[in-house]
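User: Hi, I have a structure open and I'm new to this. Can you walk me through it?
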Amino acid sequence: MSRSVLLSFIFLGLTGVFGTQLLFLIGLSYTNPTYAAAIQPSIPVFTFLLAVMMGTEKVNLFKMEGLMKVGGTIICVSGALVLVFFRGPALFGNQDAEFTPKTVIIDRSESELHGWLVSSFLDLGLDLWHIGVVCLVVECMCMAAFIAVQAPVLKKYPAYLSVTAYSYFFGASIMITTAFRFVREPKEWHLTQSEILAVIFAGVFASALNYGLLTWSNKILGAALVSLYNPLQPAASTFLSTIFLGSAIYLGSIVGGVLIISGLYMVTWASYREQHTIVSGNVIASSSDIRDSEPLIHRYGTGDNKIG
């Protein structure tokens, strides 16, 4: 294993395991499941931007596909901004069942990372709802970085299960070190039976199985196509949270979600057109090479041994 691959594993653990999961849980605790899932479709946009900066994605502004990519990215970012700054009235569901950020008391003197991070944002004048959304936006950026960087790593180190294991090893090491540093009270480590079941479910299905399948898909399909499946989360989360938790659906979630999905469709269409054009060009070029290099009638031998 080379040094660059080892550093890539550390980066994948820091962003995809530690940063993504910690920021998602903090953001979820100050918003709700519907909002947390509604902002996840911004991951493909961030992935696309990172891929362009890394040089793995090309954008030609003189073609319709390039303009559609840029336009879709702008629309998706606009949708994310709507989610951050505009909540609006509750259109469906029970608003009283929602988590109320004003009832949360943050002890600024506690050493836990969660309280220290939130109190730092409160000093900047943000309320708890916006702090939760900011954490979710940064979580999406971490996930996008994880997917974008993992794709070239898999070309150097194609064993996808090992890539997942190494990423989890470094991410878990950072998480455990941070927990022992900031969580000092023994009571904070005590979990109820329902919390233990939730941790097991999250560790087995939402974490290990999810990341294993994601890494395998990233090896076959590439970062851009893998990240495009994130828009399936808001519909499922909204449906389930409304049924099981009675969460309300806000106007900001609908407007922002529509903008994000519209932008994603534009980016997806442009990417498909570009890939279709490249594949068609390669097929035509290959057929032309075959026609140029392969004669219709072969001649075997020289001198007296001729065909015809």
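Analyst: Let's start with a term we will need. A crossing of two helices is right-handed if the near helix is turned clockwise from the far one by less than a right angle, and left-handed if anticlockwise. One more point before we go on: this is a predicted model.

User: Okay. How many helices and strands are in the protein chain?
Analyst: The protein chain has 11 helices and 2 strands. In sequence order the pattern reads α-α-α-α-β-α-α-α-α-α-α-β-α.

User: And how much of the protein chain counts as buried?
Analyst: 37% of its 308 residues. Contacts also reach along the sequence. Take those in the protein chain with a separation of 6 or more: 85% of them join residues 24 or more positions apart.

User: Back to that handedness term. Which way does α7 cross α8?
Analyst: The crossing of α7 and α8 is right-handed. Helix α8 covers residues 193-221, and the two axes are 9 Å apart at an angle of about 135 degrees.

User: Why are α7 and α8 called oblique?
Analyst: Angles over 145 degrees count as roughly antiparallel and 65 to 115 as roughly perpendicular, and the rest above that range are oblique. The angle here is about 135 degrees, so α7 and α8 are oblique to each other.

User: Which residues make the contact between α7 and α8?
Analyst: From α7, Tyr160, Val163, Thr164 and Tyr168 take part. From α8, the residues include Ser207, Ala208, Tyr211 and Trp216. By class, this contact has 6 nonpolar, 4 polar and 1 charged residues.

User: What about α1 and α7, how do their axes cross?
Analyst: Helix α1 is residues 3-30 and helix α7 is residues 160-182. Their axes come within 7 Å and cross at roughly 60 degrees. That makes α1 and α7 oblique to each other. Their crossing is right-handed.

User: Which residues meet there, in α1 and α7?
Analyst: Among them are Leu6, Phe9, Ile10 and Phe18 in α1. On the α7 side, the list includes Val163, Tyr166, Phe170 and Met175. The contact of α1 with α7 has 15 nonpolar, 5 polar and no charged residues.

User: New topic. How many salt bridges does a search of the whole structure find?
Analyst: It finds 1. The side chains of Glu65 and Arg273 form it, at 3.5 Å from N to O. This pair links distant parts of the chain, 208 residues apart. Glu65 is in helix α4 (residues 64-85), and Arg273 is in helix α11 (residues 251-293).

User: Is Glu65 buried or exposed?
Analyst: Buried means under 20% relative accessible area. Glu65 has 11% relative accessibility, so Glu65 counts as buried. Arg273 has 35%, so Arg273 counts as partly exposed.

User: Where does Glu139 lie?
Analyst: Glu139 lies in helix α6, residues 128-156. Its relative accessible area is 3%, so Glu139 is buried.

User: What does Glu139 touch?
Analyst: Leaving out residues up to four places away in sequence, Glu139 touches Thr20, Leu23, Phe24 and Gln40.

User: Last one. Where is Phe92, and what does Phe92 touch?
Analyst: Phe92 sits in strand β1, residues 90-92. Again leaving out residues up to four places away, Phe92 touches Ser247, Ala248, Ile249 and Ile254. Phe92 and Ser247 are 155 residues apart in sequence. In space, they are 8.3 Å apart, C-alpha to C-alpha.

How values were computed:
Residues numbered from 1 in each chain as written. Predicted model: local features only at pLDDT ≥ 70, side-chain atom pairs only at ≥ 80, totals over all residues. Heavy atoms only, no water. Salt bridge = Lys/Arg side-chain N within 4 Å of Asp/Glu carboxyl O. Helix = DSSP H or I, 4+ residues; strand = E, 2+ residues; numbered from the N terminus. Buried < 20%, exposed > 50% of the residue type's maximum accessible area, 1.4 Å probe, protein only. Axes fitted to C-alpha atoms, helices over the stretch in contact; angles between N-to-C directions. Parallel < 35°, antiparallel > 145°, perpendicular 65-115°, else oblique. Contact = heavy atoms within 4.5 Å. Nonpolar A, V, L, I, M, F, W, Y, C, P; charged D, E, K, R; others polar.
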